[in-house]
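Dear colleague,

I am handing over the structure below, and my notes on what was found in it follow directly after. Please read them with the coordinates open beside you.

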Amino acid sequence: MFIQTEATPNPATLKFLPGKEVLAEGTADFRDAEGAAQASPLAGKLFSIAGVTGVFFGYDFVTVTKDEGLEWQHLKPAILGAIMEHFMSGAPVMITGSQATADRTEQEGEFYDKADEEIVVTIKELLDTRVRPAVAQDGGDITFRGYENGTVFLNMKGACAGCPSSTATLKHGIQNLLKHFVPEVQQVEQVA
């Protein structure tokens with residue numbers, strides 16, 4: 001098994017491509033070892049490596065975020081070994097039901113006025129077709145959280161979370177795109 005690695009715009013995050021499907025649907029973002037171990041055997045293994053502070057799964061990639069004080073040259077062999085061992089074992093990436101729960105929790109956390117439903121549908125469609133595919137190339141994801149008084153609230157995950165260029169991506173790229181297609185949008189803000 002050969003696992004490719006790619007740099008991301010976030011120097012603390014590296015993208016790993018195992019050449020296999022990681023998650024068939026959606027994404028999974030883990031920011032602590034306890035939550036990771038409960039939902040995913042692979043994320044649990046990755047968090048057991050000293051210095052790993054975040055794990056994100058996309059369709060065909062895994063992004064790993066490290067502590068700033070450590071170098072990739074010291075962490076990369078252990079991460080590659082954990083990913084390879086996991087996929088060679090045939091174990092599932094997610095514990096059954098935990099992905100569905102994560103997706104449902106994400107949608108339940110959305111907020112917007114029902115009168116703005118048409119605007120929200122357009123915003124989500126633009127995010128799904130124009131923003132998320134590009135962000136996935138960089139090892140991350142951006143999801144809709146809410147819309148209120150002309151402000152769109154988005155959650156940045158994976159390589160996007162904590163990325164030095166995330167503010168520019170959000171304010172210049174995504175905000176300009178949404179303002180162009182949805183005149184009601186005045187600004188875009190990041191939320192956790």
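A polar contact here is a pair of N or O atoms within 3.5 Å; within protein, one must be able to donate a hydrogen and the other to accept it, and residues adjacent in sequence count only if both atoms are side-chain atoms. This is a predicted model, in which local features need pLDDT of at least 70 and side-chain atom pairs count only at pLDDT 80 or more, while totals for chains, interfaces and linings use all residues. Residues are numbered from 1 along each chain as its sequence is written, and side-chain values use heavy atoms, with hydrogens and water left out.

I begin with the loop between β1 and β2, where T8 is found; helices (H or I, at least four residues) and strands (E, at least two) are DSSP runs, numbered from the N terminus. A polar atom of the T8 side chain lies 2.8 Å from the backbone oxygen of N10, and the T8 side chain also reaches the backbone oxygen of T13 at 2.8 Å. T8 counts as buried because its relative accessibility is 11%, where buried means under 20% relative accessible area, exposed over 50% and partly exposed in between (1.4 Å probe, protein chains only). Leaving aside residues up to four places away in sequence, T8 touches T13, L14, K15, D138 and A159, contact meaning heavy atoms within 4.5 Å.

N10 sits in that loop too, between β1 (4-7) and β2 (13-17), and is buried, with a relative accessible area of 4%. A polar atom of the N10 side chain lies 3.0 Å from the backbone nitrogen of A12.

Turning to the sheet, five strands form an open arrangement in the order β1-β2-β5-β4-β3, with antiparallel pairing; two strands pair if DSSP finds at least two bridges between them. The edge strands, each pairing on one side only, are β1 and β3 (28-30). Neighbouring strands of this sheet are turned by 20 degrees against each other on average, direction ignored; axes are lines fitted to C-alpha atoms, for helices over the stretch in contact, and angles run from 0 to 180 degrees between N-to-C directions.

Strand β2 pairs with β5 (residues 62-66) in the antiparallel sense over four bridges, and F16 has V62 in β5 as its bridge partner. Five bridges join β4 to β5, again antiparallel, with F56 bridging to T63 in β5, and a hairpin through four residues joins β4 to β5. Three bridges join β3 to β4, which run antiparallel, and F30 stands opposite V55 in β4. As for burial, β4 is mostly covered, five of its six residues being buried.

Helix α3 (residues 72-89) lies across β1, β2, β4 (52-57) and β5, and runs at about 30 degrees to β2.

The last element I would point out is helix α5 (residues 117-137), whose 21 residues should span 30 Å at 1.5 Å a residue, and whose end C-alpha atoms are 29 Å apart, which agrees; the expected span is 1.5 Å times one less than the number of residues. The buried residues of α5 are I119, V120, I123, L126, L127, V131 and V135. Just after α5, G139 takes a positive phi of about 85 degrees.

With best regards
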